[in-house]
2 protein chains.
Amino acid sequence: MINDTLPVNIAQYQHHDKLLLAVDCIIFGFDGTGLKVLLVKRELEPMAGKWSLVGGFVKQNESVNDAAMRILSQLTGFKNIFMEQLHCYGNTDRDPGGRVVSIAYFALIRIEDHAEELLKEHNAKWVPLDKLPRLIFDHKQMLDLSKERLRQRVANHPIGFELLPEKFTLPQLQNLYEAIYEAQFDKRNFNRKILGLQILQKLEEKDKTGSRKGAFYYVFDSDNYKKLESEGISFI
Amino acid sequence: MINDTLPVNIAQYQHHDKLLLAVDCIIFGFDGTGLKVLLVKRELEPMAGKWSLVGGFVKQNESVNDAAMRILSQLTGFKNIFMEQLHCYGNTDRDPGGRVVSIAYFALIRIEDHAEELLKEHNAKWVPLDKLPRLIFDHKQMLDLSKERLRQRVANHPIGFELLPEKFTLPQLQNLYEAIYEAQFDKRNFNRKILGLQILQKLEEKDKTGSRKGAFYYVFDSDNYKKLESEGISFI
DNA sequence: ACAGTAATTGTAAGTTGTACAATTATATTT
DNA sequence: AAATATAATTGTACAACTTACAATTACTGT
């Protein structure tokens, strides 16, 4: 008899030799200097104990998108998170445990918002992109593709702000873009370009933590963005 | 007892109430003036007799990509076709016949190459994009997304040539781009830009069918493209 | 008052995009 | 043989954008 204390998805995994559908989430965060991704120590055989993206199985009565959102909110405790479908991974041998097709999603969250306890509960950890451990299955491929996609999106859509606090400074924003593109930008050109988009609102307040002079805070002006959206803007 | 003469995929469709995985293909062609898509009259309930994208179920021992390629070659008779995964459609109610998650692909083929007989066998037909019938399920959504993706791809990758004959003229190429973008371009600027990419090889021969003067044929120079690729070129 | 540090600002040169029309090569007609 | 008709081919000036580059400013701590 099967051990009833096993999580539901283990039971599914073992009992169906038909095709299973899973989701995996690449969850990006930004700590002010570098990009990080949320990884978990897998609890499920095969490959238990190895580092993995956050994932789970799609249930019979939920959409694939809902499944991804469920997995994400279980781990983070948040509901309104930027998330986008990345790619379907469907090779027959991608998971030695069975025929599992996985739909990968990538998500952007503010690390600061984040509940430490939930992470511990799930054996999850923020890992800098330049210090990645070996990942199971095709998860490294997923991560690589999501980095590329993030660059594409960030070039044409104002989603970088999802990774920053509500209020942020121009140097912070530049650090983020430099981390995403793994490149250095000129401060003068960067500021001119960003401010030229007219989607940032300057505040009176300054962030004094990084320098004597202090840097002005800005907020994303989504109203103005929507106005401009209909014309086809583009970033960076 | 179930009628054994039904095609295999019908039998599958009826006997599993678990999740099924399908692929749908958006197959684009170009007839010299307008873009067309290959549609079929569906033979399967529900919605039999309605217009549909070309699709089928993913088999237990084939990758999702292989399934898409299989569906595509069954209909066209060709193997080396440009094809790219588009998106996974996973709403629970997208197919009234059951829980079917579908991975959409888009493909580009040369209409001229095409075997008419195979099309008749499969009830398939080339339909101009501006004369689309109502499509089943979420197939219209798939088609809309694939048009957008085609525009993106064609702007950065030399895949437009997949839709043209081996030898083509600059006016033909321009017609193609104008069809894809639903826009008019200036001939001088278009020619300058395209030739500036240095990925076309000019032939001695002219196409005399379209004018007295005749237009020089060109071929895509994939060797030179590969050389330039490492630098990050971009079209249009 | 001074020193130190990071934020902020401007300008010139190069590159690319855009708008616009005359000339050329050929087949057909006169 | 010359004239005509048709679509292909070619150039140039201006505007917009990108890139490279360094001095000044605002503040805190000594």
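Entry 1, the surface used by each copy. I compared the interface residues of the two chains in this predicted model. Of the interface residues of chain A, 100% are also interface residues in chain B, so the copies meet through the same surface.

Entry 2, extent of the contact. How many residues does each chain give to the contact? I find 21 residues from chain A and 21 residues from chain B. The area buried between the two chains comes to about 1,700 Å², and carbon and sulfur atoms give 53% of that area. On the side of chain A, the residues that lose the most area to chain B are A:Leu19, A:Gln60 and A:Gln85. Together these three account for 30% of what that side buries.

I looked for salt bridges between chain A and chain B, and the rule finds 0. For polar contacts, the count between chain A and chain B is 10 residue pairs, with both residues at pLDDT 80 or more. Which strands of chain A each supply at least two residues to the side that touches chain B? I wrote down strand 5 (82-89) and strand 6 (100-108). Strand 5 of chain A gives the most to that side, with 3 residues. By residue class, the side of chain A that touches chain B divides into 7 nonpolar, 9 polar and 5 charged residues.

As a reminder to myself, strands of a sheet pair through backbone hydrogen bonds, either parallel or antiparallel.

I took the pairings one at a time. Strand 8 (residues 168-169) of chain A is joined to strand 10 (residues 215-220) of chain A by 2 bridges. Strand 9 (residues 200-207) of chain A pairs with strand 10 of chain A over 5 bridges, also in the antiparallel sense. Which residues stand opposite A:Tyr218 of strand 10? I found A:Phe168 opposite A:Tyr218, and A:Lys202 also stands opposite A:Tyr218. I also noted that A:Asp207 has A:Ala215, in strand 10 of chain A, as its bridge partner.

I looked for cis peptide bonds and noted one from A:Glu45 to A:Pro46, with omega near -5°. A:Pro46 is placed in the loop between strand 2 (35-41) and strand 3 (51-52) of chain A. In chain B, a cis peptide bond joins B:Glu45 and B:Pro46, with omega about -5°. The loop that holds B:Pro46 runs between strand 2 (35-41) and strand 3 (51-52) of chain B.

The last item I looked up was A:Glu182, which has a positive phi of about 50° although it is not a glycine. I located A:Glu182 in the loop between helix 5 (170-181) and helix 6 (187-196) of chain A.

Key
Residues numbered from 1 in each chain as written. Chains lettered and ligands numbered in written order. Predicted model: local features only at pLDDT ≥ 70, side-chain atom pairs only at ≥ 80, totals over all residues. Heavy atoms only, no water. Contact = heavy atoms within 4.5 Å. Buried area = accessible area lost by both parts, 1.4 Å probe. Salt bridge = Lys/Arg side-chain N within 4 Å of Asp/Glu carboxyl O. Polar contact = N/O pair within 3.5 Å; in protein donor to acceptor, adjacent residues only side chain to side chain. Helix = DSSP H or I, 4+ residues; strand = E, 2+ residues; numbered from the N terminus. Nonpolar A, V, L, I, M, F, W, Y, C, P; charged D, E, K, R; others polar. Pairing = 2+ DSSP bridges.
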